[in-house]
Amino acid sequence: MLSFDSRHFYMPVYAAHLHCNTVAMENRLILDEAKYRLFMQENLNWQSIIKAQVNEIPWWKEWQEAAIKKAAETFGRTGDRRADNFFCNQLQQQQNQMQKLENDIAIQQQRLEKDCVLKDEYDVDAFCTQDILRDRIKAIEKTFIELKCNFLKYISAIS
């Protein structure tokens, strides 16, 4: 039977980590500032994506109203108000979530700018927050795409 001794597994990784931390102070600050700048650019990109999606939502609402009106005129159909309200509510919830995320990204951006000016070498909270924001933007984008696909199916069904 094979036995596993975790000390042998983690020692090289730990030693490599110690070696990286013995690099000259200037290089560490430059690398960390570069990482902050990358995070800041990532946040700017997210903000532009969110802004574009938030600007899309009124168009989707208008399209829904136009499709409902056309279905009523063409087919004499009044539609299912529950379904109409569902998509309207979902679009509103999506818009609210996007605006909250946009606000949280702005707060993170201010934090990164401050850390960059202060030349903080390693702010664990900033890095963790960036990861959390990454997960949130991914989830919101996925939800928005699914909502749009379901909305298009709904519009096809009532037209």
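## Confidence in the model

This is a predicted model, and its protein chain has an average pLDDT of 77, with 74% of the residues scoring at least 70.

Where pLDDT is low, the predicted coordinates should not be read in detail.

## How H3 and H4 pack

Let's turn to a pair of helices. The axes of helix H3 (residues 81–118) and helix H4 come within 10 Å of each other, crossing at roughly 160 degrees. Angles over 145 degrees count as roughly antiparallel, and H3 and H4 are therefore roughly antiparallel to each other. Their crossing is left-handed.

What does the contact of H3 with H4 have by class? It has 15 nonpolar residues, along with eight polar and seven charged ones.

## Aromatic pairs

Searching the whole structure turns up eleven aromatic pairs. One of them joins Trp 60 and Phe 151: the ring centres lie 5.2 Å apart and the planes stand at 80 degrees, so the pair is edge-to-face.

This pair also links distant parts of the chain, since Trp 60 sits in helix H2 (residues 25–75) and Phe 151 in helix H4, 91 residues apart.

Conventions: Residues are numbered from 1 along each chain as its sequence is written. This is a predicted model: local features need pLDDT of at least 70, side-chain atom pairs count only at pLDDT 80 or more; totals for chains, interfaces and linings use all residues. Side-chain values use heavy atoms; hydrogens and water are left out. pLDDT is the predictor's confidence in each residue, from 0 to 100. Axes are lines fitted to C-alpha atoms, for helices over the stretch in contact, and angles run from 0 to 180 degrees between N-to-C directions. Helices (H or I, at least four residues) and strands (E, at least two) are DSSP runs, numbered from the N terminus. Angles under 35 degrees count as roughly parallel, over 145 as roughly antiparallel, 65 to 115 as roughly perpendicular and the rest as oblique. A crossing is left-handed if the near helix is turned anticlockwise from the far one by less than a right angle, and right-handed if clockwise. Ala, Val, Leu, Ile, Met, Phe, Trp, Tyr, Cys and Pro count as nonpolar, Asp, Glu, Lys and Arg as charged, and the others, Gly among them, as polar. Rings of Phe, Tyr and Trp (its six-membered ring) pair if their centres lie within 6.5 Å; planes under 30 degrees apart count as stacked, over 60 as edge-to-face and the rest as tilted.
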